[in-house]
Structure formats: C-alpha cells, structure tokens
Amino acid sequence: MELLVLGGTGFLGRALAARAQHRGHDVTCLARGTRPPHPGVRFVGADRDRDDGLSAVSNRMWDAVIDLISQPVHARRAVRDVRARHRNYVSSSSVYAQSNVPDRSESAPIHRPLASGMITSLDDYGAAKAACEQIYADAGESSTIVRPALIGGFGDQSGRSGYYPWRFANPTGADVLVPDGTFPTALVDVDDLSEWLLLCASRSDRGIFNVAGRTTDLAEVFATCRVIVGSPARVRSVADDALLAQGVAPWAGKRSLPLWVPDPDMRFVATLNFDLARSRGFESRPLRETLAAALRYEHQRAGARPAGLTDDEEIELRALLDAA
C-alpha cells in the first residue's frame, strides 16, 4: 500500500509510520519537520498553513491517506488537493459534548463543528475536530473516522502515561503520592491504535469508530506500576481538595498528577465504548504492556518531564501533608 501520513513525526504519527513501514507499506510523511521522522520513512517538509502546502503530494493517486490534523482549514485543503482511494481521519474523543457519561458510543452527541477554519483557543479543540470530521464525511469518498480515547505507550511525549511507572521506579520516599484511585481511566496503546488505522486503510473501511483501552480505574494503574518495577513504595492517595490547595494541577502539565480530573463533569473523559471497533478486529493489549512501554520511553527521555511532580515537588508536598 502506498500510504501518505499527513503529520507523521509526533507521538501517534511516528508510531504509525514505523508500524506501516514494518508491515511493508511504502510510507511518505508530510509535516513541518519540527521533529525527526522515523528512520527510513520518506519525508516531505511542508507548511500546511499555506494554501499550496500540499502541492508536493498532490500530483499522484495514493492508496490511502491518514490525516492527524486538528485545523479545519487543513482538512479542507487535504480533501481538495490530495487524491486517494481511501482516507482515514484521526479525530478524538474530545468531539463528544459530554464527559460525565460512561461508555459513550459513536452515536453520543458531539460538539457543534467549529465555524472558523483555525483553532484560536484550546477550548475550540473538540469543536475543531468535529469540523474536520464533517469535512471528511461530506467529501463523499471512501473514508474512516477514528475517535481515539487517551493514547499511551512508547513515545508518549506528554508524559501522561509514563509518569506513574517512572515515579514508582524512582520513589522519593516510602510512598508515592497519587490522586483519587477510583477515578475511571483507560489507555489505548499507540501501537494498537496504529495497527487499527492501517487495518481500516487496507480494507477501505467506512464509518466512525471509537478506539480505547479497557476501562479501569487509577488504583489499577498504580498497582500495575508497582508490579512492573517491583517497587517497595506504598501508594498514598491524597484527597482532591488537599492536592488543589497545594497547587497540584490535574490531568497533565507541570506540577501535576496525570490522568486525574477532580470535576464531576469530566468524570469519564478518558473512557469510551469501543465495541464497534472490536467487532471489526480492533485488539487492545493489557494495561501492563502499555505502562511498561511508556516506562521504557521515560528511561530514555532527555530533559525535564512535561507532566507530574518533580522529585523536589513531591518531597515538598509530602512534608506539607505530613505537617497537616
């Protein structure tokens, strides 16, 4: 299969290109080039903000195109300028209008598509993805729209899936500080998602599919991390209000505890019903394997981690909690 990946140097794009190459496909990636492509993949540097940004790949017919973009104007240009026998658009679970409902299926309400062509605020992300979906659906061509939930595993630059296994492998004391263990979560392994995207492209599947990992809770994540690394550190759960009072951010970013959101309206943000994809051949590996892969990536990470607590921050927070 002659495959074009639009945006192939980030977390998912790089994993997708690597797996496609391993499967024997002829892979071309078009991206800005702010990160290196997977070795051996044909790379085309381009700026998709330019109206002619896709000109270098518009002079041929591709077997399949997989687009990872979030800007509606980029999706319109891809449909207009790139010829393909089949198109995969990688959307997001962020298109769903409600995150306080468990087991959201593909028929759940989504955000109204963004009217403008470009995201101007992070608040626009879900609506922008919905607009991109609409553009691909309205093109009247063979297309698959995939809505992944939280993606984890090797290469997770955000550090969300890698923080807890790394922290249990590198404790700063007798315990590891963690948030509410009952919070629901799920991690879809980046390699499983990549395999599914390639399967959809090779079969020219049509339709919309949720893709997620098995729903569990953070307590299982913490327990699995301890087992993976053989950590002697105990799990010390800290109440939401105590974490927020000490300036600990939820979900991601600096001075945070990832994968946790202390907001009832966001209770099921990371989980989805993916029965439809499973009925068509999607397979999700055990959580243990995804966390172990994320840890391998953390061990080779250069520079500061973008999510979680630093050693000094956890030590300071533990002392404050003990004093209280």
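In the predicted model, Arg48 is buried, with a relative accessible area of 8%. This value falls under the 20% limit for a buried residue. Arg48 is placed in the loop between strand 3 (42-45) and strand 4 (61-62). Beyond its neighbours within four places in sequence, Arg48 is in contact with Leu6, Leu30, Leu54, Asp67, Ile69, His74, Ala75, Arg77 and Ala78. A polar atom of the Arg48 side chain lies 3.1 Å from the backbone oxygen of His74.

His74 belongs to the buried set of helix 2 (residues 72-81), which also includes Pro72, Val73, Ala75, Arg77 and Ala78. The buried residues of this helix pack against strand 1 (2-6), strand 5 (64-67) and strand 7 (87-90), as well as against helix 3 (125-138).

The crossing of the two helices is right-handed. On the helix 2 side, the contact is made by Pro72, Ala75, Arg76, Ala78 and Val79, which meet Ala128, Ala131, Cys132, Ile135 and Tyr136 of helix 3. Of the residues in this contact, nine are nonpolar, one is charged and none is polar.

Ala75 and Ala78 take part in the contact with helix 3 and are also among the residues in contact with Arg48.

Terms used:
Residues are numbered from 1 along each chain as its sequence is written. This is a predicted model: local features need pLDDT of at least 70, side-chain atom pairs count only at pLDDT 80 or more; totals for chains, interfaces and linings use all residues. Side-chain values use heavy atoms; hydrogens and water are left out. Buried means under 20% relative accessible area, exposed over 50%, partly exposed in between (1.4 Å probe, protein chains only). Helices (H or I, at least four residues) and strands (E, at least two) are DSSP runs, numbered from the N terminus. Contact means heavy atoms within 4.5 Å. A crossing is left-handed if the near helix is turned anticlockwise from the far one by less than a right angle, and right-handed if clockwise. Ala, Val, Leu, Ile, Met, Phe, Trp, Tyr, Cys and Pro count as nonpolar, Asp, Glu, Lys and Arg as charged, and the others, Gly among them, as polar. A polar contact is a pair of N or O atoms within 3.5 Å; within protein, one must be able to donate a hydrogen and the other to accept it, and residues adjacent in sequence count only if both atoms are side-chain atoms.
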